[in-house]
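Please look through the sequence and the model shown here before reading the briefing that follows.

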Amino acid sequence: IAERMNIKRNIIFALEGRKKNGVAITENVPIRMRVNYSGQRIEFTMPYRIDAAKWDATKQRVKNGCTNKLKVPASEINAELTRSYTLIQDIFKEFELQELMPTTEQLKGVYTSRSKVEAPKTEELIHQKTFWEIYDEFTEENGKLNDWTKATFEKFAAQRNHLHDFNPNISFDDFTEEGLNDYLEFLGHQLKMRNSTISKQVGFLKWFLRWSMKKGYHQNAAFETYKPKLKNPDKAIIFLTRKEQEQLRDYQIPGSKQYLERVRDVFSFCCFTGLRYSDAYNLRRSDIKDDHIDITTIKTTDHLKIELNKHSRSILDKYKDVPFKNDKALPVISNQRMNEYLKELCELAGIDSPVHITYYRGQQRIDETRPKYELMGTHAARRTFICNAILLGIPANVIMKWTGHSDYKAMKPYIDVADETKASAMSKFDLM
């Protein structure tokens, strides 16, 4: 009787050797099964990870009583390693019975097909959703939980499109430091984003990756320590001086452009109350009291009491008998159209003083000088209110009660701008 074929083999379980910046990674390390046989070698990644401190290299198992980051106990992980060991041994025995020396491709093929059938629900098998399904779950869950505005949904929808354009087949494993750098390069070079915009995109992406890791959809924590060095100069604060406000107020709007009158009224109202566009849009007549407006802001849910002055009161009086949908107090159109019309209005009114702006795209510094009307948007009204209030000598703590700013740090950029304006104004005495 011929002697049965015996394939000599050595099966070892060990942690994957990974390094970052030359330093070995010791947390949340993949477990691998290494198989050496007949001068050949093949490795299989186990469906669990573990910290190096919780791994017993001698026993080739997780130390008793330990759990991994997803709170899976050592007993469950070790049972899976034993099951994998038994499975690969059984496969070798079948090849021995057939007197066949398997290639690494054959061994991998049989093991992979059998492990899918026989394996219990492990970390990798539990989550069969695609990356895009997980992203949609993230936006749906967080949108409801945090009561996202339409604008926030649009921001994350835009990021989804950016990620898809970058790589339609992207996976969580792609977000290594190198992969994140590639994505940032795509945003800067392909989509021509400024560094300030890229910084926001990184923040949105980290939010999603952090949420999905807590959900157990991946274990790639590279994003947590990823802090790209993006040059971001202070953004120019665009606001109207008192002279420009008067210029805008006194401009005679042509009969063919009467749609601009309501835009001017709404913008002016925000200039004299400090309201954001979203709060002006949602202002109801029931929010208007005898001498103030009483609102809960959309963005921060702050409850604010904002006293009326003659300018804001006259605009409310102008529309008090005009019926608007949902009992709104003012004729506020969409933010996009209002921004478009506001630029048109300011150009017609001659608000075209040159504004110097500096920004970076990657390491490239870009300096531009543009007429002020090109940079106007609805948020300039809130900035106008704050800067002019400071110039009028109103204390910062009082202004903060009107605007809802919670700390002095948020007000400092406006104070710095006001100080520059005051210094420039004082120099005019030198011309006398």
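How are helix 5 and helix 6 oriented to each other: roughly parallel, roughly antiparallel, roughly perpendicular or oblique? Helix 5 and helix 6 are roughly perpendicular to each other, where angles of 65 to 115 degrees count as roughly perpendicular, under 35 as roughly parallel, over 145 as roughly antiparallel and the rest as oblique. This is a predicted model, in which local features need pLDDT of at least 70 and side-chain atom pairs count only at pLDDT 80 or more, while totals for chains, interfaces and linings use all residues. Residues are numbered from 1 along each chain as its sequence is written, and side-chain values use heavy atoms, with hydrogens and water left out.

**Two crossing helices**

- The axes of helix 5 (residues 150-166) and helix 6 (residues 177-190) come within 11 Å and cross at roughly 105°; axes are lines fitted to C-alpha atoms, for helices over the stretch in contact, and angles run from 0 to 180 degrees between N-to-C directions.
- Helices (H or I, at least four residues) and strands (E, at least two) are DSSP runs, numbered from the N terminus.
- Helix 5 brings Gln159, His162, Leu163, Asp165 and Phe166 to the contact, and helix 6 brings Gly179, Asp182, Tyr183, Phe186 and Leu187, where contact means heavy atoms within 4.5 Å.

**The cavity**

- A search of the whole structure finds one cavity of 30 Å³ or more; on a 1 Å grid over the protein atoms alone, a cavity is a set of points where a 1.4 Å probe fits but cannot get out, and lining residues have an atom within 4 Å of a point.
- The largest cavity holds about 40 Å³ of space, a volume being the space filled by probe spheres set on the points, with grid points joined across faces, edges and corners.
- Residues that line the largest cavity include Leu180, Leu184, Lys206 and Phe223.
- Helix 6 and helix 7 (195-214) each supply at least two residues of this lining, and helix 7 gives the most, with four residues.

**Paired strands**

- Strand 1 (residues 9-15) and strand 4 (residues 29-37) run antiparallel and are joined by seven bridges; two strands pair if DSSP finds at least two bridges between them.
- Strand 4 also pairs with strand 5 in the antiparallel sense, over eight bridges.
- Arg32 of strand 4 is the bridge partner of Ala14, and the bridge partner of Arg32 in strand 5 is Thr45.
- The hairpin of strand 4 and strand 5 has two residues between the strands, and in this hairpin Ser38 takes a positive phi near 45°.

Methods:
1 Å grid on protein atoms, 1.4 Å probe; cavity = no way out; pocket = protein on both sides within 12 Å on 5 of 7 lines; lining within 4 Å.
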